Amino acid sequence: MTNRIALNNIDVVTLDDKGTIHRNVTLVVENGIITEIGDSADGQIMSTAVDCTDKVAMPGLVNSHCHSPMNMVRGWAEDLPFVEWLEAIWVAESGITPDDVYWAAALGAAEMIRSGTVAYNDKYFYMDRVADVVQESGLKAALTWTVFGMGEDTEVGSGLDETIDWIKELDETSQGRIKTYIGPHSPYLCPENFLRKTVDLAHELGKGIHLHVAETQEQVDQSIARYNLRPVQHLDSLGVFDLPDVTIAAHTLHIDEKDVEILVNKNVIVPHCPITYMKLAMPFPSIKKCVDAGVQISLGTDGPGSNADMDMFAVIRQTALIHKYQTIDPAMISGDTALRMATQTGAKAVGMSGHGMLKVGAAADLILIDMNAPHLRPVHSIVANLVHCVKGSDVCDVMVDGNWLMRNRELMTLDEEQILYEAEKRAHDIVCRGQKQLRQYVHD
Ligand SMILES: [Zn+2]
C-alpha cells in the first residue's frame, strides 16, 4: 500500500539553486520521496494529512564530523588548553566499554534527532555498536573506526586488520545505508608508514579516509620539522587525497595557498567545527580564502566533550558570527550559506549526494520547525531566523526517508527514558574506571 503523507499549510525552505521559499503550500511525501510541493496537492486521497500551520520545513541537517559517544565526557574536562584537554579526555575514555559506546551513541542519536540532524559522520571506537544505534534510530550515517599508529610498526587500540572485518560485514548487512571510511586519527598521531598502509587499504576496499588535519599551528611546525612538508602537502605526497572515495579532512585550519589548491583540486571535504575551536581557545584563521577558492566546507559539532553539545543550529549560527567577526565583513557567510554547508555539503561527506534540497523526486529527509515562539517572530526573513534565531529545541518533527523519527517532539524510534538512565549511570563509571587505570599504570 502506498504510504502517502501530506504536510498542509506549510512554509518550505527548499535550499534549491534559486533559494526558492514556498509559503503556505502542501508538501506531499509518497513512499519516502517528495512527490509534490504546491497548492494543487489533492487532499482527498491522502492516507495521512498533517496541519503544519506556523511550521517551516527545511532539509534535515548533516553533522559532518563528530564523535557522538564522547558525550560521556561532556563537562568533565573544562577550561583546559587543547593538549591538556586531550590528555584528560584520553584518560577518561580509556575506561569505556563496547556497551558504554552503544548507550553513549544512543544518547547522541536522541540529541541529534531532537535538534534536527538526519545524518551524521561519526568517528570513534567500537563502531559496530554505533552501527547498531544507526540502524535502530532510523538516522543515516557514515562511520569511521579510528585507528592510531605509534612508532613504525606499533598500532594502538583496534588495529587496521580488525576494522577490515567490521567494514566488510557492515557493507554487506547495511546494504548501502551506512557508509564507511578508513580512519587513521591524524598525520600527527600516525607515522608515515602507517598512513601508507591506510591508503593501500582504502584502495583495496574502495573507500575514502576520514581523519583530523592541521588543527593547530604547532602541528604544522611539527610536520615541517619532521617531513619538510605542511600537513596537507605531507598527506598529498602519501596519496591520502587520491582514493576511490572522498577524503574527509576535518578542521584543516592552518593552511597556505598551496594547501588550498590541493584541497580544491582533490575534491577534499573539510568539516568546520568552530564551537570546539572557540571552547578550547584554539586560534584559527577565517575560512574566507577557502570559501573564495571553492573548498568544500561542511559543518560539524565535533565531539560533545569539546563542543559541548550536538546542536547543529548552534554551529550554523556560530559559523556565521565568527567569520563575520574575523573578517570584519558582515557579508561573510551571508544569507543561507551556513545552512547549505550544514545540509548539501555535509551530505557529500555521508554519501548522500543530492540530499540537502527539498524538491520533487528528493528523499523526504526533512525537519519541521515550530515558528510559534517569541524568539522567532516576526518573520521578515525565514532564512535569517533559521540562521540567527532558531535553536535545536525549536525542531518539532523529523522525517527520514518518509518515516517519522520525531513527531510532535516525541522520539518515535528510541526509548529516551532508558537512554537517559543508562547514559547518566555509565558516564560516572567510565570516568572512575579511566582514572583507576591511570593510577595503576603510574603505580606499576
Ligand atoms: Zn574530531
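Predicted model: local features only at pLDDT ≥ 70, side-chain atom pairs only at ≥ 80, totals over all residues.
**Domain arrangement**

An automatic or database assignment divides the chain into domain 1, which covers 4-59 + 356-410, and domain 2, which covers 61-349. The C-alpha centres of domain 1 and domain 2 are 29 Å apart. Domain 1 contributes 26 residues to the contact, and domain 2 contributes 23 residues.

The size of an interface is often expressed as the accessible area lost when the parts come together. Between domain 1 and domain 2 the buried area is about 2100 Å², and carbon and sulfur atoms give 65% of that area. On the domain 1 side, the residues that lose the most area to domain 2 are Leu15, Val387 and His388, which together account for 27% of what that side buries.

**Helix packing**

| Helix pair | Axis separation | Crossing angle |
|---|---|---|
| α2 (residues 98-114) and α3 (residues 127-137) | within 8 Å | roughly 35° |
| α4 (residues 160-173) and α5 (residues 192-205) | within 12 Å | roughly 20° |
| α11 and α12 (residues 337-349) | 9 Å | about 140° |

Helix α2 passes α3 in a right-handed crossing. From α2, the residues in this contact are Pro98, Asp99, Val101, Tyr102, Ala105, Ala106, Ala109 and Ile113, and from α3 they are Arg129, Val130, Asp132, Val133, Glu136 and Ser137. By class, the contact of α2 with α3 comprises nine nonpolar, one polar and four charged residues.

For α4 and α5, the axes cross at roughly 20°. Angles under 35 degrees count as roughly parallel, and α4 and α5 are therefore roughly parallel to each other. The crossing of α4 past α5 is right-handed. Leu160, Ile164, Ile167 and Lys168 of α4 make the contact with Phe194, Lys197, Thr198, Leu201 and Leu205 of α5. The contact of α4 with α5 contains six nonpolar, one polar and two charged residues.

Helices α11 and α12 pack at an angle of about 140°, with their axes 9 Å apart. This angle makes α11 oblique to α12. The crossing of α11 and α12 is right-handed. In this contact, Met312, Ile316 and Thr319 of α11 meet Ala338, Leu339, Met341 and Ala342 of α12. The residues of the contact of α11 with α12 comprise six nonpolar, one polar and no charged.

**Backbone geometry**

Most residues other than glycine have a negative phi, and most peptide bonds are trans.

Aspartate 54 is located in the loop between strands β4 (48-51) and β5 (55-59).

The peptide bond from asparagine 307 to alanine 308 is cis, with omega near 15°. Alanine 308 belongs to the loop that lies between β14 (296-299) and α11 (312-327). Helix α11 is also a partner in the packing with α12, and Met312 is one of the α11 residues in that contact.

A cis peptide bond also joins arginine 377 to proline 378, with omega near -5°. Proline 378 is placed in the loop between β15 (366-370) and α13 (382-388). Val387 and His388, named above for the area they lose to domain 2, fall within the range of α13 (382-388).

Technical notes: Residues numbered from 1 in each chain as written. Heavy atoms only, no water. Axes fitted to C-alpha atoms, helices over the stretch in contact; angles between N-to-C directions. Helix = DSSP H or I, 4+ residues; strand = E, 2+ residues; numbered from the N terminus. Parallel < 35°, antiparallel > 145°, perpendicular 65-115°, else oblique. Left-handed = near helix turned anticlockwise from the far one by under 90°. Contact = heavy atoms within 4.5 Å. Nonpolar A, V, L, I, M, F, W, Y, C, P; charged D, E, K, R; others polar. Buried area = accessible area lost by both parts, 1.4 Å probe.
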